[in-house]
Amino acid sequence: MSASAIISTLDEVVRGAMERLARVAGVVAPPLLRVALAVPFLKSGLTKWDGFLSLSPAASYLFEDEFKLHLFGHAYGFPVPGLFAYLDGIAEIMLPLLLIVGLATRFSALALLVMTAVIQVVVPDGWANFHLPWAGLAVAIMALGPGRLSLDHVAASLCRFRAPDGGRP
């Protein structure tokens, strides 16, 4: 066997392996990205509740006394802190759960990106260790979509199956 034949065979083997790796990563990456973004928000959300729809006093305290919006060199309190605490608590539970199961995936990632931007304004020093990676995950999820292992994919498949022309409804 000549050197060029060996190189050609080796090239085919490497290309085949890379194509298989890309297919596997294409299936595995979206759910991993979804879970990676969901976990920190879900963990935070679980600390905000004392029971079903019963916001913990600590969550209210954070929005009333601790969290400040750092804008234009000044720190401002949240308007209607009780409402923001309640909405934050709901969002930090619902959006990660939607992400994990892959339902309304791009919307959930966008909403968590907006939350990350607000968190950046509240805690400006967290950008490198927390906010930048969260924003990167959210943008990647919005770009790649939910992936095959998601309820969004199942719903889209059902809609395509039921469409009379076989296309998208």
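This is a predicted model: local features need pLDDT of at least 70, side-chain atom pairs count only at pLDDT 80 or more; totals for chains, interfaces and linings use all residues.
Visitor: How many aromatic pairs does the structure hold?
Guide: The structure holds six aromatic pairs.

Visitor: What kind of pair do F63 and F67 make?
Guide: The ring centres of F63 and F67 are 5.0 Å apart and the planes stand at 80 degrees, so this pair is edge-to-face. The reason is that planes over 60 degrees apart count as edge-to-face.

Visitor: And what about F78 and F84?
Guide: That pair is tilted, because the planes of F78 and F84 are at 55 degrees, with the ring centres 5.3 Å apart.

Visitor: Which cluster do these rings form?
Guide: F63, F67, F78 and F84 form one aromatic cluster.

Visitor: Is F63 buried or exposed?
Guide: F63 is buried, as its relative accessible area is 6%. F78 also counts as buried, at 10% relative accessibility.

Visitor: Why does F67 count as partly exposed?
Guide: F67 has a relative accessibility of 22%, and buried means under 20%. F84 likewise counts as partly exposed, at 34% relative accessibility.

Visitor: Changing topic: how many salt bridges are there?
Guide: The count comes to three salt bridges.

Visitor: Which residue does D11 form a salt bridge with?
Guide: D11 forms a salt bridge with R15, and the closest N and O atoms are 2.9 Å apart.

Visitor: Where do D11 and R15 lie?
Guide: Both lie in helix α1, which covers residues 3-46. They are four residues apart, about one turn of the helix. D11 counts as partly exposed, at 35% relative accessibility, whereas R15 is exposed, with a relative accessible area of 53%.

Visitor: What does the side chain of K48 meet in a salt bridge?
Guide: The side chain of K48 meets that of D88 in a salt bridge, at 2.9 Å from N to O. This pair links distant parts of the chain, 40 residues apart: K48 is in the loop between α1 and β1, and D88 is in helix α3 (residues 81-101).

Visitor: Are K48 and D88 buried or exposed?
Guide: K48 and D88 are both buried.

Visitor: What about K48 and E92?
Guide: K48 also forms a salt bridge with E92, where the closest N and O atoms are 2.6 Å apart. Here too, distant parts of the chain are linked: K48 in the loop between α1 and β1 and E92 in helix α3 are 44 residues apart. E92 is buried, as is K48.

Visitor: Which residues are linked in a network of salt bridges?
Guide: The network of salt bridges links K48, D88 and E92.

Technical notes:
Residues are numbered from 1 along each chain as its sequence is written. Side-chain values use heavy atoms; hydrogens and water are left out. Rings of Phe, Tyr and Trp (its six-membered ring) pair if their centres lie within 6.5 Å; planes under 30 degrees apart count as stacked, over 60 as edge-to-face and the rest as tilted. Buried means under 20% relative accessible area, exposed over 50%, partly exposed in between (1.4 Å probe, protein chains only). A salt bridge is a side-chain nitrogen of Lys or Arg within 4 Å of a carboxyl oxygen of Asp or Glu. Helices (H or I, at least four residues) and strands (E, at least two) are DSSP runs, numbered from the N terminus.
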